[in-house]
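I will take the pairs one by one and write down what I find.

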Amino acid sequence: MATTLAADRPRLWAPARHRSFRLLWTGQALSLLGDGFSVVAFSWITLSLTGSTLTLGYVLAFQAVPRALLTLVGGTLGDTWSTRTLMVASSWTRAVLMATVGAAGLTGHLTVWMLCAAAAAFGAVDAFFQPARVSILPSVVDKDLLAPANALLGAGARTAAVLGPAVGGVVIALTQAPVAFLVDAVCFALCGLCVARIHTRPRPDTPRTGPATTGPSLGARIREGITFTWRDPRLRTIVALDTAVNFCYAGPFTVGFATLADQVLRGGSATLGVLNGALAGGAVLGTLAGGAVGGRPRVGLLVAALAGWLAAGMAVLGLAQSTPVVVATVVAMGFAIGYQGVFGLSWIQRNIPQDVLTRVVSVDMVLGYAAAPLSLILCGLLAGTGHLALFGVVAVVLACTGLAVLGSRAVREMR
């Protein structure tokens, strides 16, 4: 066993030997760290200005809606323009936005409507970064390094997602809310600098770096991406599972965790923090384990296994009354999400043509964005009848997803 682990270790870190991958890893981590900062900063400064949670909801909605609406546009442009250019432009634009909001806050000129406008602009610009950061990887590392590269990127992303809000809260506590926007601006500016220095390989099929002068319209290209995703049963399966996992994250892992911590485990906010930390920690471990194992397993079977594993975990969460049992279950669920995510994403990057890859990624993201509010609403309603109903309904949905995956031979044989 020790020999096996020692042999696996260099493979996991192999992508880090490439300078462009290190720059991509650093840039993505800085961007996601900035995203975490922005959530805390927007939330805190809105409450400081208005004291209204309703207004806070408006501000956050102004950020979320443009991101969801424009992600397909960003994905479509990513298949026509250089993904690196889109990432750099998005990063530096977000840096300017955050610096402007921070300066307005420090000088006392910031208003709620300015916050709403900044949040909307931030969400719109971010929609061009997110699909590009996923689809750029095949042009940075070889295909046989996609799994460990995704593992390292995923571990960095999940860590940054946890650290961003935490560090943002500390910055605000030690200084004031506008300063967090300025720190946020520095993160995005550094991200743009890192990505600008990446050397990418030209696309073998579509070596364009600017907008096409002829060809289908933007709307037609968006429809092409949706159609391409829908017609491939393997892609439909991966996208459906990703949507189901996002559904689990949004409702059960927010409303459900809060309900467990307060009404079942009686541990309050401290227990809620432990549950969120357990989920993130398990996901990081699973991501790194997937990168260390490497190879090309049957992704379809992994997809079905993940759905069944999460269904069993949801059932346990609905029945458990003990904090150690709940924490262990959450760690196991996070591990499975991280592990399968490495191979599912690598399969998409390896098998989807470069001229449609970013659009496929954006379709996946948009469905995840759509699943989140629906999950929050449904879980909020179910929580009123008890946590068992909440987790039980989600467990049934996941179990049905797993069985549907096993029913397709084409999906079962995916590698």
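**Notebook: salt bridges**

Entry 1. I began with D126, and in this predicted model I found that D126 is buried, because its relative accessible area is 2%, which is under the 20% cut-off. I then looked up R94, which also counts as buried, at 0% relative accessibility.

Entry 2. I checked how these residues are paired, and I noted that the side chains of D126 and R94 meet in a salt bridge, with 2.8 Å from N to O. The pair links distant parts of the chain, since D126 sits in helix α5 (residues 112–135) and R94 in helix α4 (residues 83–106), 32 residues apart. I also found that R67 belongs with R94 and D126 to a network of salt bridges.

Entry 3. Next I turned to D142, which forms a salt bridge with R201, where the closest N and O atoms are 3.2 Å apart. D142 lies in the loop between α5 and α6, while R201 lies in the loop between α7 and α8, so this pair ties together parts that are 59 residues apart in sequence. I looked up the accessibility of both partners: D142 is partly exposed at 41%, and R201 is partly exposed at 37%.

Entry 4. I then examined D232 and R234, whose side chains meet in a salt bridge at 3.1 Å, N to O. Here I wrote down that D232 is buried, with a relative accessible area of 14%, whereas R234 counts as partly exposed at 30%.

Entry 5. Finally I searched the whole structure, and the search gave five salt bridges.

Key:
Residues are numbered from 1 along each chain as its sequence is written. This is a predicted model: local features need pLDDT of at least 70, side-chain atom pairs count only at pLDDT 80 or more; totals for chains, interfaces and linings use all residues. Side-chain values use heavy atoms; hydrogens and water are left out. A salt bridge is a side-chain nitrogen of Lys or Arg within 4 Å of a carboxyl oxygen of Asp or Glu. Helices (H or I, at least four residues) and strands (E, at least two) are DSSP runs, numbered from the N terminus. Buried means under 20% relative accessible area, exposed over 50%, partly exposed in between (1.4 Å probe, protein chains only).
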